[in-house]
Amino acid sequence: MLRKLFFWLHKWLGLITGLVVLIVSITGCINVFSDELKEYFYHKRYYVEAEGNRNFLNFSELRNQAQKALGPDVKITRSEIYPAKGHTWIFRASLTDKKAIGHWNYYKYYYRVYVNPYNGKVVYVEDTRNEFFQLVLNLHMNLLLGDSVGGMVTGISALCFFVLLLSGLILWFPRKWKTKAFKKGFVIKRNVGIKRRIYDLHNVSGFYILIPAILICVTGLVFAFPWADQSVQFLANGGKAAEKRIIPLSTPNETYHPQSTDSAITHLFQLHPQADILSIRFREKNTDPMDVQVRLAKNRTHLFEWYYFDRNNGKLLMKYGDQDVKGGEKFRSMNYDIHTGAYAGIPTKLLAFFVSLICAGMPITGFLMWYNKGNKKRSR
């Protein structure tokens, strides 16, 4: 009786959420290698000729050049700058309406400005709302429907997929626990009919990807729902509620003082000459500090040093790194890299790619099994 209940739950949850799972999984495959693909297809945006031993221009000067390219009605909110030679610096400007429905309503505007750090020339202005990889990312996160509706749909579908993975494991176990019966769940048989082949693809491949698929699913739920984020941190903390890190306040100012900003960036370049990227956020409140995340390894966010400077005088207010975070905060800092497979570089990215690809096949093989079973009944 219990097995029938799990079968019924597995079947109908799969049929209801199958299309969303298919879309999220396929776009997830692309997102795994989006950084590498962008640098390949947009090479001229990302790279410029390193001009000998010439130093970078001041950060504030380059930011002003990017701001001029966008005009006064668009505000730069973030930038990514690189200690390595020959890389453009990227300045982002975005404004969203969290309650809006639809991708182009959700983003009021979103631009990336690529600037040559040696001469200040603007290399390219990208309308990121319409950029291919951004569309793929938003299709993955909210089906291009915006966070209020699309984010809820993908979040609920991810939760259903988590239940599907667990119920699928229960259904994978044979009714009679014998060695011969278990072997059927480990091997895709050859020289069998198409219906049996589809069943084996669904059943066997689902078993092998179970653990990494659960990890990808849970880390996706952390992004989708605050309760999932808090629950995961609660478990990682050994049954204790997560304590939010308190960010210090800066002395008030509506803008960031150029000289203080430039000196802070220069200091960080000296401290971390081998870092991959410095990600700088410009917050809205006039007491928010200058927020700089130094990512120490290429395409990995969980290896970092985080700095907060006073926006007026450049004084260091607080600093912490990946070595200083523990428990739930540690897991939260790794969440993105686990979800995208970036945690250990190319090997884990390849694993995430193939797991996502197999997850995309699950709704297809599941639907075919349901359809074939219906045809069999009708023919009888």
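The legends below describe close-up views of a predicted model. Residues are numbered from 1 along each chain as its sequence is written, and side-chain values use heavy atoms, without hydrogens or water. Local features need pLDDT of at least 70 and side-chain atom pairs count only at pLDDT 80 or more, while totals for chains, interfaces and linings use all residues.

**View 1. A nonpolar surface patch of about 1,000 Å².** Its members are Leu2, Leu5, Trp8, Trp12, Ile16, Ile364, Phe367, Leu368, Trp370 and Tyr371. Patches are made of residues with over 30% relative accessible area and no salt bridge, with like charges joined within 9 Å and nonpolar side chains (Val, Leu, Ile, Met, Phe, Trp, Tyr) within 5 Å. A salt bridge is a side-chain nitrogen of Lys or Arg within 4 Å of a carboxyl oxygen of Asp or Glu. Accessible areas come from the Shrake-Rupley method with a 1.4 Å probe, and for residues only the protein chains shown count as cover. At least two patch residues come from each of α1 (2-32) and α14 (346-379); helices (H or I, at least four residues) and strands (E, at least two) are DSSP runs numbered from the N terminus. Leu5 belongs to helix α1 and is exposed, at 51% relative accessibility (buried means under 20% relative accessible area, exposed over 50%, partly exposed in between).

**View 2. Leu235 in helix α11 (residues 226-236).** Leu235 counts as exposed because its relative accessible area is 68%. Between the C-alpha atoms of Leu235 and Ile364 there are 34 Å, and the two residues are 129 apart along the chain.

**View 3. Aromatic pairs, of which the structure holds 34.** Phe225 and Trp227 are stacked because their ring centres are 5.4 Å apart and their planes lie at 20 degrees. Rings of Phe, Tyr and Trp (its six-membered ring) pair if their centres lie within 6.5 Å; planes under 30 degrees apart count as stacked, over 60 as edge-to-face and the rest as tilted. Phe225 is buried at 10% relative accessibility, whereas Trp227 is partly exposed at 45%. An edge-to-face pair is formed by Phe304 and Tyr320, with 6.0 Å centre to centre and 90 degrees between the planes. This pair links distant parts of the chain, 16 residues apart: Phe304 in strand β7 (residues 300-309) and Tyr320 in strand β8 (residues 316-321). Both Phe304 and Tyr320 are buried.

**View 4. Charges over rings at Phe282 and Tyr320.** The charged end of Arg63 sits over the ring of Phe282, 3.9 Å from its centre. Arg245 lies over the face of Tyr320, also 3.9 Å from the ring centre. The criterion is NZ of Lys or CZ of Arg within 6 Å of the ring centre and within 35 degrees of the ring normal.

Definitions and conventions:
Buried < 20%, exposed > 50% of the residue type's maximum accessible area, 1.4 Å probe, protein only.
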